[in-house]
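Trainee: Could you walk me through this one? I'd like to start with a single residue and then move on to the sheet.

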Amino acid sequence: MTDEPAATEASTPRRRWWQKKRWLLPIVGVLGLLLGSAVAAPAPADSDGEVAQLREQVAALEAELDAADEAELDAADEAEPAAAVPPTVEAETTATPTATPEPVVTTEPPPEPMPAGDVEGSCDYLLGFGEDLDDPDNHRFVASADLINRGNVGIVLRVEASWDQIGAEPVTARKRVRVPYGETVDVQFDVPASGDQIDRHQSLSGAENCSFDAEILRTFGEVHDLDV
């Protein structure tokens with residue numbers, strides 16, 4: 001807090017010259033009376049010089065009084081102290097930082113799981129060789145399948161391979177396989193077969209007489225955007 005400047009003492013009022021030079025007033029008055037009487041009364045010609053002389057004396061006295069009064073007034077002005085100028089106080093201002101608006105971030109909803117897959121493969125049977133031809137342990141149904149994940153998330157598949165039988169139910173084999181997103185998994189089947197099953201299979205007309213079937217049981221892993 002800045003202290004208020006002390007009040008300047010009131011300056012002493014100036015006194016006019018007639019208040020300071022009171023001793024001159026009687027003289028000026030007498031001269032004025034003499035001058036007035038000289039002008040009012042008829043005077044001889046030689047008195048004109050005296051009147052003029054009185055007028056000059058009065059004018060000189062008045063000029064002297066005016067000069068003395070002006071000199072005293074100038075001296076009083078120089079001696080009077082100048083009024084104190086209060087210092088200028090600058091108000092402190094604190095800059096308020098402008099808050100930067102947060103960028104608006106629009107988030108898209110996560111994609112929905114869309115599981116999808118295909119199975120492609122081939123199958124056959126084995127009879128053994130030579131003396132092992134009649135051994136049932138050497139008769140086998142075999143197959144190879146590719147499980148392809150075409151969806152946007154990992155899938156668990158149950159894949160089944162079937163070998164047709166004439167006059168009987170097909171011989172089947174099943175496996176449960178995890179197929180990650182974007183990948184293909186190869187699955188192999190090897191199923192023991194009897195001679196009768198081999199005969200029933202051979203009796204069917206057709207190229208392979210076998211098939212594959214796949215069922216999606218569930219999904220797993222991260223859901224991906226198929227557009228990316």
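Trainee: Where is Val-187 found?
Mentor: Val-187 is in strand 5, residues 184-192, where strands (E, at least two residues) and helices (H or I, at least four) are DSSP runs numbered from the N terminus. This is a predicted model, in which local features need pLDDT of at least 70 and side-chain atom pairs count only at pLDDT 80 or more, while totals for chains, interfaces and linings use all residues. Residues are numbered from 1 along each chain as its sequence is written, and side-chain values use heavy atoms, with hydrogens and water left out.

Trainee: Is Val-187 buried or exposed?
Mentor: Val-187 counts as buried because its relative accessibility is 5%, and buried means under 20% relative accessible area, exposed over 50% and partly exposed in between, with a 1.4 Å probe and protein chains only.

Trainee: And what does Val-187 touch?
Mentor: Leaving aside residues up to four places away in sequence, Val-187 touches Ala-143, Ser-144, Ala-145, Leu-147, Lys-175 and Val-177, contact being heavy atoms within 4.5 Å. Lys-175 is twelve residues from Val-187 in sequence, and their C-alpha atoms are 8.4 Å apart.

Trainee: Switching to the open sheet, what is the strand order?
Mentor: The order of its three strands is 4-3-6, with antiparallel pairing, where two strands pair if DSSP finds at least two bridges between them. Strand 4 (168-179) and strand 6 (210-220) are the edge strands, each pairing on one side only.

Trainee: How many bridges join strand 3 to strand 6?
Mentor: Ten bridges join strand 3, residues 154-165, to strand 6, and Leu-157 stands opposite Ile-216 of strand 6.
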